[in-house]
Amino acid sequence: MSTVSAAAPRTGSVLADLLPASRTKDIALVVGGAALTGIAAQIAVPVPGSPVPVTGQTFAALLVGAGLGAGRGFLSLALYALVGMAGMPWFANGTSGAGGASFGYVLGMLLASTVVGALARRGADRSVPRTAGTMVLGSAIIYAVGVPYLAASTGMSLTAAVAAGLTPFLLGDALKAALAMGLLPAAWKLIGRRG
């Protein structure tokens with residue numbers, strides 16, 4: 001993993017790379033990313049007619065990927081998924097275990113965090129338009145895994161799963177993307193000014 005000083009942030013680094021490099025730091029970041037996702041999952045609003053609530057979980061997973069990079073982002077979401085499958089009640093609404101209707105979204109977040117992290121390492125989190133595209137792609141990956149899983153686990157048709165597990169969430173995802181579009185580029189600008 002590269003070490004980059006705060007005075008010279010460059011493409012090829014993510015925000016976490018600006019901290020002094022150490023194995024302890026990487027472990028803390030991975031555990032912290034999993035914990036952030038678990039905490040954000042508890043911000044859950046039920047959606048009428050859907051077994052999947054609106055949560056802060058997807059936003060956290062995408063931020064973890066962008067902030068930590070592909071490797072640490074993958075490990076954070078893998079830890080989140082494995083600990084939740086083992087019984088830690090930190091999936092949406094304090095649930096745990098594999099196989100629930102919304103577990104496909106957890107798997108999608110694992111993949112999305114990795115892809116978003118790889119793009120962030122290429123500078124995709126440094127400007128508003130690029131961050132917007134990155135967040136849209138990350139959300140699309142989550143749905144590409146979550147919606148078919150929802151259909152398979154509940155016996156819904158794919159059309160019904162899209163209506164219950166995608167359509168009601170588009171406005172919220174647009175708001176989350178807008179928040180990320182403000183946070184990530186602003187963080188890089190602040191670091192540039194401090195350097």
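Trainee: Why is R121 called partly exposed?

Mentor: R121 comes out at 26% relative accessibility. Buried means under 20% relative accessible area, exposed means over 50%, and partly exposed is what lies in between (1.4 Å probe, protein chains only). So R121, at 26%, counts as partly exposed. Keep in mind that this is a predicted model, where local features need pLDDT of at least 70 and side-chain atom pairs count only at pLDDT 80 or more, while totals for chains, interfaces and linings use all residues. Residues are numbered from 1 along each chain as its sequence is written, and side-chain values use heavy atoms, with hydrogens and water left out.

Trainee: Where does R121 lie?

Mentor: In helix α4. Helices (H or I, at least four residues) and strands (E, at least two) are DSSP runs, numbered from the N terminus. As for spacing, R121 and G133 are 12 residues apart in sequence and 14 Å apart in space, C-alpha to C-alpha.

Trainee: What makes R121 and D17 a salt bridge?

Mentor: The rule asks for a side-chain nitrogen of Lys or Arg within 4 Å of a carboxyl oxygen of Asp or Glu. For R121 and D17 the closest N and O atoms are 2.6 Å apart, so the pair passes the rule. R121 lies in helix α4 and D17 in the segment before α1, so the pair ties together parts that are 104 residues apart in sequence.

Trainee: Which other residue does D17 form a salt bridge with, R72 being the one I'd like explained?

Mentor: D17 also pairs with R72, with the closest N and O atoms 2.6 Å apart. D17 is in the segment before α1 and R72 in helix α3, so this pair ties together parts that are 55 residues apart in sequence. D17 and R72 are both buried; for D17 the relative accessible area is 0%.

Trainee: Which residues are linked in a network of salt bridges?

Mentor: D17, K25, D26, R72 and R121. The count of salt bridges comes to six.

Trainee: How do you know that D125 and R126 meet in a salt bridge?

Mentor: Their side chains are 3.7 Å apart, N to O, and the limit is 4 Å, so they qualify. D125 is buried, with a relative accessible area of 2%, whereas R126 is partly exposed at 22%.

Trainee: Why is T134 called buried?

Mentor: T134 has 6% relative accessibility, so T134 counts as buried. T134 is found in helix α5 (residues 128-154). Leaving aside neighbours within four places in sequence, T134 is in contact (heavy atoms within 4.5 Å) with V116, L119 and A124.

Trainee: And G99, is that one buried or partly exposed?

Mentor: G99 is partly exposed, with a relative accessible area of 44%. G99 lies in the loop between α3 and α4. Not counting residues up to four places away in sequence, G99 touches Y149 and S153. The C-alpha atoms of G99 and M85, 14 residues apart along the chain, are separated by 9.0 Å.

Trainee: What makes a set of residues a nonpolar core?

Mentor: A nonpolar core is a set of buried Ala, Val, Leu, Ile, Met, Phe, Trp, Tyr and Cys residues joined through side-chain atoms within 4.5 Å. Of the 40 residues in the largest one, L77, Y80, Y105, V106, M109 and M135 touch the most other members. α4 gives the most to this core, with eight residues. Setting aside neighbours within four places in sequence, Y105 is in contact with V52, I142, Y143, G146, V147, L150 and G165.

Trainee: Which residues lie nearest the centre of the largest pocket?

Mentor: V52, P53, Q57, A92 and S102, out of 25 lining residues. The largest share of that lining, four residues, comes from α4.

Technical notes: 1 Å grid on protein atoms, 1.4 Å probe; cavity = no way out; pocket = protein on both sides within 12 Å on 5 of 7 lines; lining within 4 Å.
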